[in-house]
Amino acid sequence: MGLSQISAGFYANKQTLNLQRMQVTGLQKTHAYGSLITDSAAAGTAMACGCKTRNKYLGVNHKKQRCTSIFESAQKKGLATGLVVTSSITHATPAAFYAHIDNRYTMEEIAAQFAKQPTDCFIGGGMKYFSTRSDGRNLLDTLQSKGWNIQSYKDKKLKDLNPAPASPFGWFSAWEEPGSISKNEAYLKLGTEKAIEFLAQKSKTGFICMVEGSQIDWACHQNQANQAIKELIEFDQTLGAVLDFAERDGNTLVLVTADHETGGMALGQGRGPDSLDIEFNSKKHTGTMVPVFAFGPGAWSFSGVYDNTVLHALMMEALQLN
């Protein structure tokens with residue numbers, strides 16, 4: 001999600017986005033260790049753990065040495081943690097917040113690492129990596145033995161899920177990867193609302209929740225401009241709910257950024273005065289800097305131009321985890 005994707009969503013949504021409610025804007029540089037073009041694993045690790053690493057690496061530096069994630073630091077201080085994504089929860093970006101491995105594609109091992117030190121709640125796909133594994137283990141049983149309330153799209157609709165703060169909860173949205181919002185019921189906004197309500201009750205110390213509109217990236221990989229806009233608007237509606245919570249709460253910092261830009265999206269004049277002609281120059285990631293938006297206590301620290309590892313340092317400072 002780069003500036004072009006945001007601009008396309010802005011024009012397609014009658015020139016209004018909840019992103020405009022954010023107070024501060026910055027820019028982050030996204031390069032990986034040894035490469036100007038990052039993948040989501042290296043970029044996610046930079047933000048979650050504060051270390052530059054090679055593409056495909058998660059939660060380890062370029063020498064494959066373990067890096068502590070902000071989720072792990074938060075858990076040690078008694079903060080609650082949560083994940084809400086429209087990908088598998090073992091996908092690169094969410095996995096950067098809990099996994100430590102040199103290959104983002106080893107989904108079963110990433111799921112096993114999650115089961116060892118899980119978050120307090122999650123919503124997303126990837127059920128197969130927990131329940132139907134090549135090693136014969138059922139990690140859903142492992143989580144449930146630890147007191148988890150695990151549900152899935154097969155058991156219960158998300159709208160009917162009312163988790164009690166006493167027990168960690170998870171809701172699998174798909175067997176593997178969720179379909180796009182054009183194929184499945186959109187769940188990012190509702191899932192995020194349920195997660196932050198749960199996390200706010202779970203810990204009086206505070207919480208950190210990572211929410212990803214994962215399929216903005218996927219649509220741009222396919223050069224599907226209209227789908228990318230739909231996914232972005234779904235994400236922006238989710239942001240609106242988060243900002244409403246933050247405004248009521250008065251003590252919540254909200255950050256919006258991206259791993260990287262995908263597709264080299266360019267916006268030109270369409271046939272009508274209010275229409276766009278959207279083109280892509282790639283189906284891959286690009287090296288373009290991406291925006292950072294901030295709202296709430298400490299938001300002003302996020303202005304300026306800085307490396308993506310700086311985001312980790314600023315978040316650690318905001319949560320008083322240093």
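Select Lys64, which sits in the loop between helix H2 (40–49) and helix H3 (70–76); helices here are DSSP runs of H or I with at least four residues, strands are runs of E with at least two, and both are numbered from the N terminus. The model is predicted, so local features need pLDDT of at least 70 and side-chain atom pairs count only at pLDDT 80 or more, while totals for chains, interfaces and linings use all residues. Residues are numbered from 1 along each chain as its sequence is written, and side-chain values use heavy atoms, with hydrogens and water left out.

Lys64 is not a glycine, yet its phi is positive, about 70°. Most residues other than glycine have a negative phi. With a relative accessible area of 47%, Lys64 is partly exposed (buried is under 20%, exposed over 50%, partly exposed in between, with a 1.4 Å probe and protein chains only).

Next, go to Gln320, in the segment after helix H11 (308–318). Gln320 also is not a glycine and has a positive phi, of about 55°. Its relative accessible area of 61% makes Gln320 exposed.

Move to helix H1, residues 3–12, and colour its buried residues: Gln5, Ile6, Ala8 and Gly9. Viewed down the axis of H1, these fall within an arc of 160°, so they line one face of the helix; the arc is taken over the directions from the helix axis to the C-beta atoms. What do the buried residues of H1 pack against? Their partners include helix H9 (215–221), helix H10 (225–249) and strand S12 (290–295), where contact means heavy atoms within 4.5 Å.

The axes of H1 and H10 come within 9 Å and cross at roughly 80°. That makes H1 roughly perpendicular to H10, a label for angles of 65 to 115 degrees; under 35 counts as roughly parallel, over 145 as roughly antiparallel and the rest as oblique. Axes are lines fitted to C-alpha atoms, for helices over the stretch in contact, and angles run from 0 to 180 degrees between N-to-C directions. On the H1 side the contact is made by Gln5, Ile6, Ala8, Gly9 and Ala12, and on the H10 side by Ile229, Leu232 and Ile233. After H1 comes Lys14, with a positive phi near 60°.

Then select Thr252, in the loop between H10 and strand S7 (254–256). Thr252 is buried, at 14% relative accessible area. Its side chain makes a polar contact of 2.6 Å with that of Asp249 (a pair of N or O atoms within 3.5 Å; within protein, one must be able to donate a hydrogen and the other to accept it, and residues adjacent in sequence count only if both atoms are side-chain atoms). Beyond four places in sequence, Thr252 touches Phe245, Ala246, Phe295, Gly296 and Pro297.

Thr81, in strand S2 (residues 80–88), is buried at 0% relative accessibility. A polar contact of 3.2 Å joins its side chain to that of Gln75.

Finish with Tyr98 and Phe114, both buried. Rings of Phe, Tyr and Trp (its six-membered ring) pair if their centres lie within 6.5 Å; planes under 30 degrees apart count as stacked, over 60 as edge-to-face and the rest as tilted. The count comes to twelve aromatic pairs. Tyr98 and Phe114 have ring centres 5.0 Å apart and planes at 75°, so this pair is edge-to-face. Ring pairs link Tyr98, Phe114, Phe122, Phe130, Trp148 and Phe172 into a cluster.
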